[in-house]
Amino acid sequence: MIINVNQIVEDKGLTIHHLYPEGEPDLASEDSRIAGRSILDLRIAREGDRVKIRGSISSQVQFFCDRCLAPLSIPVDQNFDLLYIPPIGARAPDEEMEIDPDDLSVGFYQGQTIDLDDLVREQIELALPMARLCGEECRGLCPDCGANLNHEECACAVEQIDPRWAALKELKSGN
Ligand SMILES: [Zn+2]
Ligand SMILES: [Zn+2]
């Protein structure tokens, strides 16, 4: 969904309530996707070429555990308060820009349009945990046979004895 900056009436703004079709928007990464229907609520205001977007996205995101590849699903409810400005060089020269360079919630728009699907993708990525695990204690898959070590002990693990212990074992068993 793309909005045109010129469509946003100054002082009046724009309110958007959007229910995405099943599974949309497509996420940028291949290892996660949206399940079900996401709800986007936005309040958009414009002051000259500065566009403020406040709102929330509610979604259900599916991904796989990084260690054991179990399918996981978590709810995402992300609130945001963003400022969009034209890229440097495209702004009106007489305009006072009072933007804290440390403000991470500043985005840039090109050609008078803002892609709200991109905004949603970014916000969902921000909401996802860095470590995508089924649990802190996940033991992952055996690198040799692929067994899920959360559910079973495989024979490979038994054979991987530290050579120092193996030597000790021989000492003990010898007379
Ligand atoms: Zn796992
Ligand atoms: Zn194994």
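Let me start at one metal site. A donor here is an N, O or S atom within 2.8 Å of the metal, or 3.2 Å for Na, K and Ca; water is not among the atoms, so sites may look incomplete.

Before going on, the ground rules. This is a predicted model, where local features need pLDDT of at least 70 and side-chain atom pairs count only at pLDDT 80 or more, while totals for chains, interfaces and linings use all residues. Residues are numbered from 1 along each chain as its sequence is written, chains are lettered from A and ligands numbered from 1 in the order in which they are written, and side-chain values use heavy atoms, with hydrogens and water left out.

Helices (H or I, at least four residues) and strands (E, at least two) are DSSP runs, numbered from the N terminus.

Buried or exposed? Cys68 is buried, at 7% relative accessible area. Cys134 is partly exposed, at 39%. Buried means under 20%, exposed over 50%, partly exposed in between, with a 1.4 Å probe and protein chains only.

Now the other site. The zinc ion (ligand 2) is coordinated at 2.3 Å by Cys142 (SG), Cys145 (SG), Cys154 (SG) and Cys156 (SG). Angles run from 105 to 113° among its 4 donor atoms, so this arrangement is tetrahedral. The donor spacing reads C-x2-C-x8-C-x1-C. Cys145 sits in the loop between α1 (116-127) and α2 (155-159), and Cys156 in helix α2, so the pair ties together parts 11 residues apart in sequence. Cys145 is partly exposed, at 46% relative accessibility. Cys156 counts as buried, at 18%.

Last, the whole chain. The protein has 3 helices and 7 strands. Their order from the N terminus is β-β-β-β-β-β-β-α-α-α. Of its 175 residues, 34% count as buried. Take contacts (heavy atoms within 4.5 Å). Among those between residues at least 6 apart in sequence, 58% join residues at least 24 apart.

Notes:
Four donors count as tetrahedral if all angles lie between 85 and 135 degrees; four count as square planar and six as octahedral if opposite donors are over 155 degrees apart and all others between 65 and 115; anything else is irregular.
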